Amino acid sequence: MTIAANLGYPRIGPRRELKTALEAFWAGRMPENELLDTARALRAGGRAVQQAAGIGHIPSGDFALYDHVLQTACALGAIPPGYGWNGEGPVTLATLFALARGARGTAAERDAGIPAEAPALEMTKWFDTNYHYLVPRVGTGTPFRLTSNPWAEAVAEGMATGCRTRPVLLGPVSFLLLSKAEDGVNSLALLPKLLPAYAAALRGIADAGAAWVQIDEPCLVTDLPVGAEAAYRQAFRALADAAPGLNILLGTYFGGLRENLPLAFALPVAGVHLDLVRAPEQLDAALEVAGSEQWLSLGLVDGRNIWRADLRVALGLAQRAAQRDGGARRLMVAPSCSLLHVPHDLAMEEALEPALRRRLAFANQKLREVALLARGLDEGERAIADALSESDRVVGERRADPRVHDPAVAARLAAATPAMESRAHPYAARAEAQRARLGLPLFPVTTIGSFPQTEAVRKARAAHAKGKLDGAAYEAEMERLIAESVAWQEEIGVDVPVHGEFERNDMVKYFGEQLAGYAFTKHGWVQSYGSRCVAPPIIWGDVSRPAPMTLRWSRYAQSLTRRPMKGMLTGPVTMLQWSFVRDDIPREAVCRQIALAIRDEVRDLEEAGIPIIQIDEPAFREGLPLRAADRDDYLRWAVACFRLSAAGVRDETQIHTHMCYSEFNDIIGAIAAMDADVISIETARSRMDLLEAFTHFAYPNEIGPGVWDIHSPRVPDAAEMASLFRLALAKLPPERLWLNPDCGCKTRGWAEVKPAVENLVRAARVLRAEAV
């Protein structure tokens, strides 16, 4: 019998209950036991939903209070010194959250012995998704040991309610490959020390009553480093021996196994999961090499996007698998990856346009699609005939919808030329014209764009959206906030002020709401990191800009100061990456449509006298294919789209871009090819390590290395900022350096932002004095 399975379930709650609880706990308004009760209730609710949908293998241990990689590190004893863990016993919430957010000097941290200056772990993107994970730090001194067994606890929790679950662990090889190795050690060399902790975890899982365990090794869909194949063989031999009665499902996703496919099936595992949405072509090769007793988990429902599955196509793939070897193959049907990356429930989206709503599936709907496919495979197409007919009707309706394709957009795209992707003159000539126009001092101080979205700001925007605050009153309130922020920036000496983006709900949503081809949800939240949730817009049709989007606010802000105001835009690649993108045309075509729309906005800002325009591309690296062989094509069109959006301006107009939490070494050439006059990047958590790529490459344009980690509530003083900036001065020419935070300040409070930006200005004055 085919098993309907799931690889992971959204952890934030259908109404972001986890976010609310975490932030109340951090603010001291909720005790620890209530936070844990909330988490327990969310897990129970998720199990109940999956059981009701007909899922046979329900995941557990996929829940985390902040991040599953951090949870794994804490459970395995991969905790750097200085965070209050003495090497024995369970890890406290004070330690976990200090690792995640940096210490805040709370009573709980003091009691745990955590110094107030303890910084957060580095954060980066989870493969090519918009989920962020905390990067474990490992080295020869890491005391790997099982501090607790959250996976066994999760199994026991489910068993107590009559639900036997399949716990999910990040596998040991991927854990090490995704960690930051210290002491100059190769992380894979630490595998022998790490494996006993994993073995103890598996024995506990088996003792708790689990029949299966899902060990995720997503690095198997990447280009493996030297030594990884031997590490996989060593690791899985040890895991299989640790709990012989426990069936191991090897989880792979986000791409095809390609040359690693024989390795995956040669490991001593009971089954292998394949992402057949991203890589359907790997099915035939898998069927050839899979052992006669091995289960094959077919990832047929897209766990990364919100479009409804074409059930007939998906069932056809499943039938191909079942027909091989006389139909004796052991099969599971599942989403392509964890459903962490999609919202909870489409049923909550009552306001969506009905035709679009019919084309969508969120996590709960995807579970039903999985169960339908499993039933169709076992009982035949007639058993799910109504569902197949409905799927066919929706697929046909979408293809025939005249609103999806705009002839004017197609004509403009066809008329775009390569010449439109280049500035009139190279950077050196532009820099001279910009210095003459802007008159900025050495080490100009600016921020990335956004200021705190306080409760008052959110209430005003919500009241306006609901019609409780009329347009004139809303605009007056926004003008007041902008005027206050500009006056404050002038008072403390910020060289290039920003208007603060108070009118913006989200850096993608704000623009998408003003572009044709976008749609929005009310409850379509997904976790980005910790308590940070985003509701990605849906690109359902051709994209164009009916009217200016930011001009009114940027023009007003510039009228308040003689200093050069920055106009703030989100770039085309990020608009693409942080949306749920249509899957009926190539992503490149969608991105070029967005680029032309942003180009129109850039030209309008320039004509309005805005001298600096920042086109943010924090998701630029996120779109990079996981395989090196596929990257050149992506970088070609991604760079071209950014340049298409930015290149229509005069030399004296300065173009900035911003990127955060990215490793730049392998794409530094492409970043230089974007030809932004100034790039600001995240460097505080890495203590300027990310600048190495820019120095070794001899990056030709200007750089703003971040000296304040805004993702942590810590407020560094001016001396700390100056000290960090001196590391940049040792690597780059002073005339090409800017002073700024890592990222926008939207998620921080004014009590943190004001002293931090004031310290930024003080640091600049000290550094300028030293440079004289």
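Biologist: Why is Arg 636 called partly exposed?

Modeller: Arg 636 has a relative accessible area of 44%. Buried means under 20%, exposed means over 50%, and partly exposed is in between (1.4 Å probe, protein chains only), so Arg 636 is partly exposed. This is a predicted model, in which local features need pLDDT of at least 70 and side-chain atom pairs count only at pLDDT 80 or more, while totals for chains, interfaces and linings use all residues. Residues are numbered from 1 along each chain as its sequence is written, and side-chain values use heavy atoms, with hydrogens and water left out.

Biologist: What makes the contact of Glu 588 and Arg 636 a salt bridge?

Modeller: Their side chains meet at 3.1 Å, N to O. A salt bridge needs a side-chain nitrogen of Lys or Arg within 4 Å of a carboxyl oxygen of Asp or Glu, so the pair of Glu 588 and Arg 636 counts as one. The pair links distant parts of the chain, 48 residues apart, with Glu 588 in helix H23 (residues 587-607) and Arg 636 in helix H24 (residues 631-646). Helices (H or I, at least four residues) and strands (E, at least two) are DSSP runs, numbered from the N terminus. Glu 588 is partly exposed as well, at 23%.

Biologist: What does the salt bridge between Asp 689 and Lys 180 tie together?

Modeller: The closest N and O atoms of Asp 689 and Lys 180 are 3.4 Å apart. Asp 689 is in the loop between strand E20 (678-681) and helix H26 (691-697) and Lys 180 in strand E7 (residues 180-181), so the bridge ties together parts that are 509 residues apart in sequence. Both residues are partly exposed: Asp 689 has a relative accessible area of 40%, and Lys 180 has 28%.

Biologist: How many salt bridges are counted?

Modeller: The count comes to 60. Arg 308, Glu 353, Arg 358, Arg 359, Glu 390, Arg 393, Glu 397, Asp 401 and Arg 403 are linked in a network of them.

Biologist: Why is Arg 101 left without a salt bridge?

Modeller: The nearest side chain of opposite charge, Glu 752, is 6.4 Å away. Lys and Arg count as positive and Asp and Glu as negative, while His and the chain ends are not counted. A distance of 6.4 Å is not within the limit for a salt bridge, so Arg 101 has none, although Arg 101 is buried. Arg 101 lies in helix H4 (residues 93-101). Residues in contact with Arg 101 (heavy atoms within 4.5 Å) include Trp 26, Tyr 66, His 711 and Arg 748.

Biologist: Why is Val 333 called buried?

Modeller: The relative accessibility of Val 333 is 0%, so Val 333 counts as buried. Val 333 lies in strand E12 (residues 330-335) and touches, among others, Ile 3, Leu 298, Leu 300, Val 370 and Leu 377.

Biologist: Why is helix H18 called roughly antiparallel to helix H19?

Modeller: H18 (residues 455-465) and H19 (residues 471-492) pack at an angle of about 160°, with their axes 10 Å apart. That angle makes H18 roughly antiparallel to H19. Angles under 35 degrees count as roughly parallel, over 145 as roughly antiparallel, 65 to 115 as roughly perpendicular and the rest as oblique. Axes are lines fitted to C-alpha atoms, for helices over the stretch in contact, and angles run from 0 to 180 degrees between N-to-C directions. Val 457, Ala 460, Arg 461 and His 464 in H18 meet residues of H19 including Tyr 474, Met 478 and Leu 481.

Biologist: What makes H19 oblique to helix H21?

Modeller: H19 and H21 (residues 551-559) pack at an angle of about 45°, with their axes 10 Å apart. That angle makes H19 oblique to H21. In H19, Glu 475, Met 478, Glu 479, Ile 482 and Ala 483 meet Arg 552, Trp 553, Tyr 556 and Ala 557 in H21.

Biologist: What sets the phi of Asp 183 apart?

Modeller: Asp 183 has a positive phi of about 65° although it is not a glycine. Most residues other than glycine have a negative phi. Asp 183 lies in the loop between E7 and helix H8 (191-208). Asp 183 has a relative accessible area of 59%, so Asp 183 is exposed.

Notes
Lists of a residue's contacts leave out its neighbours within four places in sequence.
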